[in-house]
Amino acid sequence: MKNKNLTKKQRLHRQAWLIVLVLGGVLMLYGGLQDMLLFFAPGHTFVPSWHTASPIVGLVCGLIVMLSAGLNIVLGWQLRQTTGKEELVLAHRVVFVSAIGTVADWISGYYGFGSMVALIIGLWLIQNIEKK
């Protein structure tokens, strides 16, 4: 059994695509919806924001977060089957997209947890790929 001989870091590296896809993608679709509710139904959000943002800011940031989440879903799926130089390029894209999603979520008054985790995983991937 090959998988039993893998270290924790190697197992995380093999599952990084899933973290990006689920947390940076699917979870942040919910985050984008939450941001857009500031515009469509102010006062009826599922989770209150940590600072007040105008409804138009919530709409714009929500659209940015939704776009970033969609891109993270695509990038996470692509990371699943790549190695080497292609994986490094995709990891850089994950970092860029997740950073934008995180900042947009912060502006609208939410934490952007999924995007932050995808950003950290992307940075970790870049570091590990460059070590090889």
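Biologist: What share of the contacts with a separation of 6 or more is made by residues 24 or more positions apart?

Modeller: Contact here means heavy atoms within 4.5 Å. In this predicted model, residues 24 or more positions apart account for 73% of the contacts in the chain with a separation of 6 or more.

Biologist: How many helices and strands does the chain have?

Modeller: There are four helices and zero strands. Along the sequence, the pattern reads α-α-α-α. Taken along the principal axes, the C-alpha atoms fill a box of roughly 55 × 25 × 20 Å.

Biologist: What percentage of the residues count as buried?

Modeller: A residue is called buried when its relative accessible area is under 20%. The chain has 132 residues, and 43% of them count as buried.

Biologist: At what angle do the axes of α2 and α3 cross?

Modeller: An angle over 145 degrees counts as roughly antiparallel. Helix α2 (residues 55-79) and helix α3 (residues 84-108) have axes that come within 8 Å and cross at roughly 160 degrees. The pair α2 and α3 is therefore roughly antiparallel. The crossing in which α2 passes α3 is left-handed. Sorted by class, the contact of α2 with α3 contains 14 nonpolar, seven polar and three charged residues.

Biologist: At what angle do α3 and α4 pack?

Modeller: The axes of α3 and α4 are 8 Å apart, and the helices pack at an angle of about 155 degrees. Because of that angle, α3 is roughly antiparallel to α4. The crossing of α3 and α4 is left-handed.

Biologist: Which residues make the contact of α3 and α4?

Modeller: From α3, the residues include L88, V95, S98, G101 and T102. From α4, they include S115, L119, L123 and I126. By class, the contact of α3 with α4 has 13 nonpolar, seven polar and two charged residues.

Biologist: Let us take one residue of that contact. Is S115 buried or exposed?

Modeller: S115 lies in helix α4 (residues 113-131). Its relative accessibility is 0%, so S115 counts as buried. Leaving aside residues up to four places away in sequence, S115 touches L23, G24, M28, S68, S98, G101 and T102.

Biologist: Is D105 buried or exposed?

Modeller: D105 is part of helix α3. With a relative accessibility of 3%, D105 counts as buried. Again without residues up to four places away in sequence, D105 touches M28, G31, D35, V65, Y110, Y111 and G112. One of these, V65, is 40 residues from D105 in sequence, and the two C-alpha atoms are 6.6 Å apart in space.

Biologist: How far apart are the C-alpha atoms of A41 and T102?

Modeller: A41 and T102 are 61 residues apart along the chain, and 22 Å separates their C-alpha atoms. A41 belongs to the loop between α1 and α2. A41 has a relative accessible area of 21% and is partly exposed.

Biologist: How many aromatic pairs does the count come to?

Modeller: Two rings form a pair if their centres lie within 6.5 Å, and planes over 60 degrees apart count as edge-to-face. The count comes to four aromatic pairs. In one of them, the ring centres of W17 and W77 are 5.9 Å apart with planes at 85 degrees, so the pair is edge-to-face. W17 lies in helix α1 (residues 8-40) and W77 in helix α2, so this pair ties together parts that are 60 residues apart in sequence. W17 is buried, its relative accessible area being 18%, whereas W77 is partly exposed at 45%.

Biologist: What are the distance and the plane angle for the rings of F39 and F40?

Modeller: The ring centres of F39 and F40 are 5.0 Å apart and the planes stand at 85 degrees, so this pair is edge-to-face. F39 has a relative accessible area of 34% and is partly exposed. F40 has a relative accessibility of 57% and counts as exposed, because the cut-off for exposed is over 50%.

Conventions
Residues are numbered from 1 along each chain as its sequence is written. This is a predicted model: local features need pLDDT of at least 70, side-chain atom pairs count only at pLDDT 80 or more; totals for chains, interfaces and linings use all residues. Side-chain values use heavy atoms; hydrogens and water are left out. Helices (H or I, at least four residues) and strands (E, at least two) are DSSP runs, numbered from the N terminus. Buried means under 20% relative accessible area, exposed over 50%, partly exposed in between (1.4 Å probe, protein chains only). Axes are lines fitted to C-alpha atoms, for helices over the stretch in contact, and angles run from 0 to 180 degrees between N-to-C directions. Angles under 35 degrees count as roughly parallel, over 145 as roughly antiparallel, 65 to 115 as roughly perpendicular and the rest as oblique. A crossing is left-handed if the near helix is turned anticlockwise from the far one by less than a right angle, and right-handed if clockwise. Ala, Val, Leu, Ile, Met, Phe, Trp, Tyr, Cys and Pro count as nonpolar, Asp, Glu, Lys and Arg as charged, and the others, Gly among them, as polar. Rings of Phe, Tyr and Trp (its six-membered ring) pair if their centres lie within 6.5 Å; planes under 30 degrees apart count as stacked, over 60 as edge-to-face and the rest as tilted.
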